[in-house]
Amino acid sequence: MPASTKNKGAKFSLDTLSNQDYKSIAQKHEPKRSTLKNCAFAFLIGGGICLLGQAIQQGFMAWFDMSVKEAASPTVAVLIIISVILTSIGVYDKIAQIAGAGTAVPVTGFANSMCSAALEHKSEGYVLGVGANMFKLAGSVIVFGTVAAFFVGLVYAILGLQGVHHP
Amino acid sequence: MKLTGQTWEFTSKPRLLAGATVVGPEEGQGPLSGDYDYIYDNLEINEKTWEKAERKLLEQASQLAIVKAELTKDQIQFIIGGDLLNQIISSTFAAKKLGAPYLGVFGACSTSMESLALAALLVDTGAAERVLAGTASHNCTAEKQFRYPTEYGSQKPPTAQYTVTGSGCGIVGTGGTGPVVARATIGRVMDLGIKDPFNMGAAMAPAAADTIEAHFRDTGLTPEHYDLIVTGDLASVGLPIAKELLQKAEVPMHETEFNDCGLLVYDMQKQAYVKSGGSGCGCSAVVTYGHLLKRLNNKEIRKVLIVATGALLSPLSYQQGESIPCIAHAVALEMED
């Protein structure tokens, strides 16, 4: 089978159409991805989630007399709960279609990936379903997060930079 | 039966005695809502799991088809069916309920016409008198198996398609008054290197074009012969590509109306969440056994060619970086004058 259809005058045939030539035909009909709009929504909604987190943290500090560090963990917990509730009532994925990375990157995205997998696989039981599948998507984040942390640590050790440890 | 190239001409005129469709709520909000037999108002189809929901759609559509053909389930001699789930489990469970001898087939979203073509072949060659062909898909089982958990927040590109929740079944037999299953063209596996599972239309377009070209080459007919030619689920990205390929191949598709089931099944303006259009086994099945069969029986159209398209990928194959092999099977339904 000839690899190209460049021979002038030869009748067009799908058998002789190369993958490359087909790709250029197909790409003409592909709708444009609105990158700029997607970036703007990701920034606004992702930023909104972070702003909400900041407000929650300030709330813990003001009303529960916590330090910045102390307020951090309960803040994350509240964001996770909100994400899990929105996932469970079928809203989070609708927001994510508009927000893209804006809802995927913050901790709410991590919670959504675990909660959605748990909901989806509950039908296969708690052990083989929920337990085995909860980290189906989140697993990679943990694995590569740990690997990245290891290499950053390595760079610090080689360069002799002492990470400042807060007790 | 007369074989030319890859096309069967069914000489004894097997007929589509009846067809039935059962769909989910989103299809019920689409423009063809008046053509379905039953519309569920919930995506769960009153079941506990997505898989049970898909199975129920197929069970009900097959039972409705039997009733509409004025038959009993004991009179069905063979069932030919398939679906998108691993080991075509929805069809198997539905066939268990009907109890007739069963042939499971897999053609992804082309299963609707693959099963109809085989059913007509069995009847035409005298191997059977009444055969039920059917398929089903459910949006959430497809999402779960091929993509992400249904509630996972991922952003879909504009080329993505929306799996139809619905089932369509038809009964092919001798006698009766329905449209004749005149001929069928069995497709070849086509793969022009598209790897993106969110761009199925572009992956499947060459398969549709190849089968349509073969159909007219084998039969000596021209597109003018048909009042309508529809592809299965090429949607708004794949259909223009197929049109361009056919134009380059000098098949005069402008002689007829050339559309796509994935564009017919949803309201492309109001239901923008479907992105480029419908897909799934149920897509061409509900349009054929619901909308097109009704128009044929009302004699609004007399001759239609349905070219169901299927992307024969598995989650494993695309994760391993393989391209998407595709297929298309065409079946011609014709009302007699």
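These notebook entries record what I looked up in a predicted model.

**Conventions.** I kept to residue numbers that run from 1 along each chain as its sequence is written, with chains lettered from A and ligands numbered from 1 in the order in which they are written. Local features need pLDDT of at least 70, side-chain atom pairs count only at pLDDT 80 or more, totals for chains, interfaces and linings use all residues, and side-chain values use heavy atoms, without hydrogens and water.

**Entry 1, chain A fold.** I found eight helices and zero strands in chain A; helices (H or I, at least four residues) and strands (E, at least two) are DSSP runs, numbered from the N terminus. The radius of gyration of chain A is 24 Å, well over the 15 Å from the globule rule for 167 residues, so chain A is more spread out than a compact globule. That radius is taken over C-alpha atoms, and the rule is 2.2 Å times the number of residues to the power 0.38. Along the principal axes, the C-alpha atoms of chain A fill a box of roughly 80 × 50 × 40 Å.

Beyond neighbours within four places in sequence, I list contacts (heavy atoms within 4.5 Å) of B:Ile241 including A:Tyr22, A:His29 and B:Ala202.
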